[in-house]
Amino acid sequence: MDEKTVKKPIGPFDLIWSGFKLNFLHLAWNFERLQNLGFLLSIDNLLRKIYAGKPEERLAAARRHIGFFNTHIFFSPALLGVMARLEEDLPDDPPKAKELEIESTKMGLMGPLAAIGDSLFWSGLKPFSMLMGVGIIWLTKFTLNGWIWAVAVSLIIYNAPRVIIKSYLLFKAYYRYRELFSSIQKVKFQDIMKSLKVAGMGFLGAFTAVYFRGKALTLVGLRWLDTLALCGAFMVVVWGLRSKKPISFIFMTMVAACIVLAYIT
Amino acid sequence: MEFLISTKIIMAAITGAVLELDNYFIGMTLLSQPIIAGGIAGWIFGDFFTGIFIGSLVQLVWISPPVGAYVPPSSSAIAFTATVLCLNMSVLFEHKGFNSLMMFSLIIGTASGYFVGQADIWNRKLNTLILHFFEPAILKGSIWPVLAAQGLAVTAKVLRDSVFYFVIFAFGTGIAGKIYFSLPPDILKGLEKALWVMPVIGLAVIYETFRTKTGEMLHLALFIVFYLVLWKFRQVDPLFFIIAVAVACGLTIYNFVWNKRSS
């Protein structure tokens with residue numbers, strides 16, 4: 001059947017409203033079923049439309065979606081769209097088969113989407129955008145104007161892809177759910193991640209130079225010695241991070257070392 | 001015991017609690033990140049510079065993201081608490097030597113960030129109880145119990161954070177100030193040095209987050225180039241700086257990531 005020609009009970013505004021409610025996915029995050037309440041709240045208006053005049057079936061659907069749910073918040077629209085479409089397309093009889101199909105699809109999708117989201121947003125875009133923000137603040141010497149620029153740049157770098165990805169996934173998952181995963185596979189996430197990391201390292205190198213050339217040199221008093229000391233401290237911290245030492249431990253050790261140094265010098 | 005109360009402290013406590021929501025519970029738009037939280041705290045207490053400075057330091061060090069069910073310390077709580085305590089202490093005790101005070105506040109802020117992270121775990125346990133309480137009503141088909149559960153969860157979180165911030169700002173300033181002013185001068189000097197070295201931790205954290213072979217080479221090359229440029233000219237226009245780095249990064253990415261793959 002042509003997906004385009006079938007009249008849907010769910011319109012674009014229903015999808016947008018559901019997608020908006022996904023912003024509250026973590027609100028009642030719990031250790032037992034994680035994001036289940038947030039997901040149920042988001043899909044509820046779609047279920048009401050799909051099962052209009054069928055209260056028993058709607059209740060069964062609500063029971064399905066109060067179960068375990070955990071994925072990346074920005075990739076959750078994909079699951080919302082696919083779930084809505086499956087609820088709509090699969091026949092209500094036999095109910096066990098429908099439940100099994102929806103449950104297994106949900107379980108199969110949550111993990112991979114969470115993995116893509118975690119690496120793209122948490123390990124890529126977030127540190128990159130914040131690095132840009134901090135870099136601009138340092139370069140503009142902590143002025144109000146610089147801060148406004150830093151906040152604007154970092155929020156745009158992070159939030160523009162967030163909004164685009166969420167909207168794209170929501171509509172694609174609902175209207176073209178069979179093509180969703182071939183479309184996702186076509187996106188070169190590995191190359192995008194590598195590009196982000198390389199760009200991050202480039203900016204980091206330049207910002208490190210700004211910090212090392214800063215005028216508030218107070219560690220030893222001699223510029224070249226201070227630069228050497230900072231390089232040494234950098235290497236020690238990198239070694240500590242590679243040895244899986246917690247950041248709080250490194251932080252407190254550094255404070256203690258500086259106090260000892262103050263007593264010695 | 002010293003007890004501070006003012007509209008600024010109440011405002012800061014509520015603002016801090018509302019910002020905390022963006023950290024994980026609503027939207028996750030990065031509005032709660034330390035560079036923003038620190039700036040807002042500084043603006044409330046009339047010293048923007050200190051807020052941005054502390055915020056940028058905290059941002060670098062605690063840039064690591066929350067992955068899966070792990071609950072990290074709240075970096076916005078660290079920046080917010082450190083800024084408010086530092087500015088309050090400097091006014092209350094009319095203190096001028098600022099760097100060591102900033103570092104001392106950062107240490108207390110770090111402890112409070114870990115506390116807020118731990119308290120989030122308690123909230124999530126409470127959310128499980130809330131889920132069990134409302135589940136029978138949800139299964140009867142109404143959406144109101146879901147909304148009530150969400151509302152209760154967010155109210156508990158905001159209340160908890162507001163009270164925490166209020167207590168630490170109102171009572172903590174006096175106690176922290178007394179501890180700080182009883183410290184020997186050598187420790188204060190040590191704290192001053194620690195403040196200066198602190199960005200190194202952040203730079204190393206980001207270095208480890210982004211490390212790739214091509215990236216390491218680019219990092220070293222741009223570090224050397226910009227170190228020499230700054231040594232020669234002392235000052236660089238920020239816009240020129242960013243464009244120059246972006247071009248260098250763009251060329252490297254084009255040649256070593258995308259072009260390499262397509263060929």
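Chain A is divided into domain 1, residues 12-195, and domain 2, residues 215-264, where the bounds come from an automatic or database domain assignment. The C-alpha centres of these two domains of chain A lie 41 Å apart. Chain B is assigned domain 1 (7-210) and domain 2 (212-263), and in chain B the two C-alpha centres are separated by 34 Å. The model is a predicted one, in which local features need pLDDT of at least 70 and side-chain atom pairs count only at pLDDT 80 or more, while totals for chains, interfaces and linings use all residues. Residues are numbered from 1 along each chain as its sequence is written, and chains are lettered from A and ligands numbered from 1 in the order in which they are written.

Turning to chain B as a whole, its secondary structure comes to ten helices and zero strands, given that helices (H or I, at least four residues) and strands (E, at least two) are DSSP runs numbered from the N terminus. The C-alpha trace of chain B spans about 65 × 60 × 25 Å along its principal axes. Of the 263 residues in chain B, 49% are buried; a residue is called buried if 20 or more other C-beta atoms lie within 10 Å of its own, exposed if 12 or fewer do, and partly exposed in between, with the C-beta atoms placed from the backbone. Two residues are in contact if their C-beta atoms, again placed from the backbone, lie within 7 Å, and among the contacts in chain B between residues at least 6 apart in sequence, 74% join residues at least 24 apart.

The next topic is how the two chains meet. In this model, 86 residues of chain B are in contact with 83 residues of chain A. Several helices of chain B give two or more residues to the side that touches chain A, including helix 2 (34-44), helix 5 (98-138) and helix 9 (213-233), but helix 8 of chain B gives the most, with 20 residues. Sorted by class, this side of chain B has 58 nonpolar, 18 polar and ten charged residues, where Ala, Val, Leu, Ile, Met, Phe, Trp, Tyr, Cys and Pro count as nonpolar, Asp, Glu, Lys and Arg as charged, and the others, Gly among them, as polar.

The expected span of a helix is 1.5 Å times one less than its number of residues, so the 18 residues of helix 4 (residues 75-92) of chain B should span 26 Å, which agrees with the 26 Å between its end C-alpha atoms. This helix is mostly covered, with 16 of its 18 residues buried, and it is followed by B:E94, whose phi is positive, near 45 degrees. By contrast, B:V167, which lies in helix 6 of chain B, counts as exposed because it has 11 C-beta neighbours inside 10 Å.

Some loop residues also deserve a look. B:L30, in the loop between helix 1 (7-24) and helix 2 of chain B, has a positive phi of about 80 degrees although it is not a glycine, and B:L30 is buried because 23 other C-beta atoms lie within 10 Å. In chain A, A:F142 lies in the loop between helix 5 and helix 6 (144-175); A:F142 is likewise not a glycine, yet has a positive phi of about 60 degrees, and it is buried, with 20 other C-beta atoms within 10 Å. Finally, a cis peptide bond with omega of about -5 degrees joins A:D93 and A:P94, and A:P94 is placed in the loop between helix 4 (76-89) and helix 5 (95-139) of chain A.
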